[in-house]
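Here's a quick walk through the model, heading by heading. Keep the viewer open while you read.

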Amino acid sequence: MHTNTQIIADKAVISLQGRFDFSAHREFRSLCGPALESKEVRELEIDLGRVEYLDSSALGMLLLLRERADEARKRVRLSNCRGAVRQVLDTANFGKLFQIT
Amino acid sequence: MMLQAGPAPALTSMKVLLVDDSQETVLIATKFLRKMGHQPSVARSGAEGLRVFAAERPDLVLMDVVMPEMDGYEAAARIKAIGTDRWVPLVFLTAKTEDEAVARGIEVGGDDYLIKPISFVTLKAKLDAFARMLHMQRQLEQKSAELEVYYRASEDEQHVAGHLMNQLVRADSLRDPLLEHWIEPAHNLSGDLVAAARTPAGVLHVLLADGTGHGLAASLNVLPVVDPFYAMTARGHGVAAIAREINGKIKRWLPVERFVAATFIALDPRERMIEVWTGGNPPPLLLDRQGRSMHEFSNPHLPLGVLSQASFDMHTERLRYDQDCQLILCSDGAVEAENPDGTQFGRKGLADAMRDVPPEKRLDCLKLALNKHFAGRCAHDDISVAIVNCGQETAHQRREPDAWTGAADAVADVAAARLAADGEWSVRTCITARELRYLDTVPMLLGLLKQVRSARAHSAELSVILAELFNNALDHGLLKLDSSLKRGPEGMENFLEMRRRRLAQLRDASIEIGLESVTAGNRPMLRIWVKDTGAGFDYNEHPAVGPDAEARPHGRGITLVRRLCATVDYHGCGNVVCALYDLAQRPQAQDIPAPPRAALADCDA
């Protein structure tokens, strides 16, 4: 999975590309670390626009992120959710947990 | 292994076997080799070379080509044929440089060649290159060995987990005649699970669960799901309460990133009611006899284990069916199954596979359609499908209350005898409006009764009796609902909606329930009484309740309770009902034919 992190003012945008599945576990965790620890960042936006595949372990990673973000008092948003990715998020009703655009 | 800048690490000292019949070459080469820090050994002929190779297992072989009897090519071929797992580089020492000679060398298994006379620089360069390659190969071997160890350990764990899951999943109860199911794991162990059981009153509960993870990790999800499902179904709890309980366990026991998508079904074939709770799974399909969709269920909930108990939503969708139909449950593995082009099977694929297919063939058609869709590609998610046949069960198909004869009549005369409350045990409970809103009262009391030896065998009957008396007290006594509301196509939904509303508004009301063991004419009996704070009714005149009332289409009616109990009486203003149940009688729910009346009358009544 290719990743890209950009920090603009108080927002961190983490863009993911490719397959977001169990093999991305460590990478995703270490990606979000700096953003969560940063004092300036208040919102993490996970850009899923170029993710072609998302499975239940990815949902699990998002849940973990949500918990860590809550502890750090930061918001999490999921952006550019389309097609198959959107479908998985909808079936799991993750719209009730995250702001999804 | 990480790629690094600069020359790769190398074997610093190799065991080098030199096979050459020329004394001069041997002297020079061994001197060079020692200077480079390697350990030379020598053979003077092809045959000796084979012997020494087998004995010493060198890291690298330098092979002269021109030798009497066995030449270098033949010796090389034979050395390579000895065949170990390890690659031993073989370098020919030759004066011949023609293409054919080189090609022949490679053909027989040689890896490189050096031109005689050997120069130190060239020899060192080649050996260094091979030393790097050997180092890499040794590292690979080591990793491979470590992997083998882990692999074996993992296989062992899978085996244990598989055993555990088999024991927990109780394959026998999945043989309910109303249920068909199919699970296709993506790996050895499926993270998907199907469970089924009947409540004491004969309602079929079906659960299709999809836990995060495959293989061994999947089995971790199973215990907190399966145990409450079976235990609570046996006590007669509703599926929403079971869902909530499982949610709590998963949330508490498992890490945050683990959750379980689930579909719960409660099918009451006598009331022809379907109740559905779905969280995280595709919602079930309801198909008519022709295989067309009759109703679209929604999927309103999050998977189990995500929300706290306080936020958990117990709302279920209820539906009455008036014709034979089928519920199709599946996990997302079926819907998201991808063909080689990456197209998903989809809900449309699901619906298409079963349209115009007779009910008994639908599961097979679905399997065929999915296999065709995959076109040889492997599934990367577990697939599970459960099909529940919703029809009308006849009395004899399912140990039904209607089939129970009134063997209790034989002891009806006992009612006239004086009842001696021998104070063995009694339970009295009073439940007020606030608790009535959420407490699962009947299962709670039934759970209690099951602990009592004399009552345990009669759980099915007692469950029906308790439920009828309690629900009457609540629905009619306190909430003043009329059963006639249940009639008609929307009737049940309207009734339940009104019930929900009135229950939410209930104030200053309570229901008292008493369970007492008493003895009447030497027979152990259970007295059940229920008292509500409602206005009561004229029980002598009421058509549904009076002694001549027939069982109504909705609900089993108080007539069934009369059949099961020795006596049923109303008191007060109709807000107190008291039933006496003979604990000595044979429980009707077992498949034992009821003893003939005469035999009963003969025993110590």
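Is Arg19(A) buried, partly exposed or exposed? Arg19(A) is partly exposed, at a relative accessible area of 36% (buried means under 20% relative accessible area, exposed over 50%, partly exposed in between, with a 1.4 Å probe and protein chains only).

## Ground rules

This is a predicted model, where local features need pLDDT of at least 70 and side-chain atom pairs count only at pLDDT 80 or more, while totals for chains, interfaces and linings use all residues. Residues are numbered from 1 along each chain as its sequence is written, chains are lettered from A and ligands numbered from 1 in the order in which they are written, and side-chain values use heavy atoms, with hydrogens and water left out.

## Salt bridges

Back to Arg19(A): its salt-bridge partner is Asp21(A), with the closest N and O atoms 3.4 Å apart. The rule here asks for a side-chain nitrogen of Lys or Arg within 4 Å of a carboxyl oxygen of Asp or Glu. Asp21(A) counts as buried, at 12% relative accessibility. Also in chain A, a network of salt bridges links Lys11(A), Glu43(A), Glu45(A), Arg75(A) and Arg77(A). Over all chains, the search turns up 30 salt bridges.

Chain B has its own examples. Asp112(B) and Lys126(B) form a salt bridge whose closest N and O atoms are 3.1 Å apart. Asp112(B) sits in strand E5 (residues 112–115) of chain B and Lys126(B) in helix H5 (residues 120–169) of chain B, so this pair ties together parts 14 residues apart in sequence. Both ends are partly exposed: Asp112(B) at 21% relative accessibility and Lys126(B) at 23%. Then there's Asp128(B) with Lys124(B), at 2.9 Å between the closest N and O atoms. Those two are four residues apart in helix H5 of chain B, which puts about one helical turn between them. Asp128(B) is partly exposed at 27% relative accessibility, and so is Lys124(B), at 33%.

## A hairpin in chain A

Strand E1 (residues 2–8) and strand E2 (residues 11–20) of chain A pair in the antiparallel sense over seven bridges. For the record, strands (E, at least two residues) and helices (H or I, at least four) are DSSP runs, numbered from the N terminus, and two strands pair if DSSP finds at least two bridges between them. Asn4(A) stands opposite Ser15(A) in E2(A).

What sits between E1(A) and E2(A) in the hairpin? There are two residues between the strands, and Ala9(A) in the turn has a positive phi of about 55°.

## Where the chains meet

Chain B and chain A bury about 1500 Å² between them, 58% of it on carbon and sulfur atoms; this is the accessible area (1.4 Å probe) that two parts lose on being put together, summed over both. Val256(B), Glu257(B) and Leu302(B) supply 33% of the area that chain B buries against chain A, more than any other three residues.

The contact (heavy atoms within 4.5 Å) takes 20 residues from chain B and 20 residues from chain A. How many salt bridges cross the interface of chain B and chain A? The rule finds zero.

## Chain B overall

Chain B carries 17 helices and 20 strands. Of its 605 residues, 50% count as buried. Among contacts in chain B between residues at least 6 apart in sequence, 70% join residues at least 24 apart.
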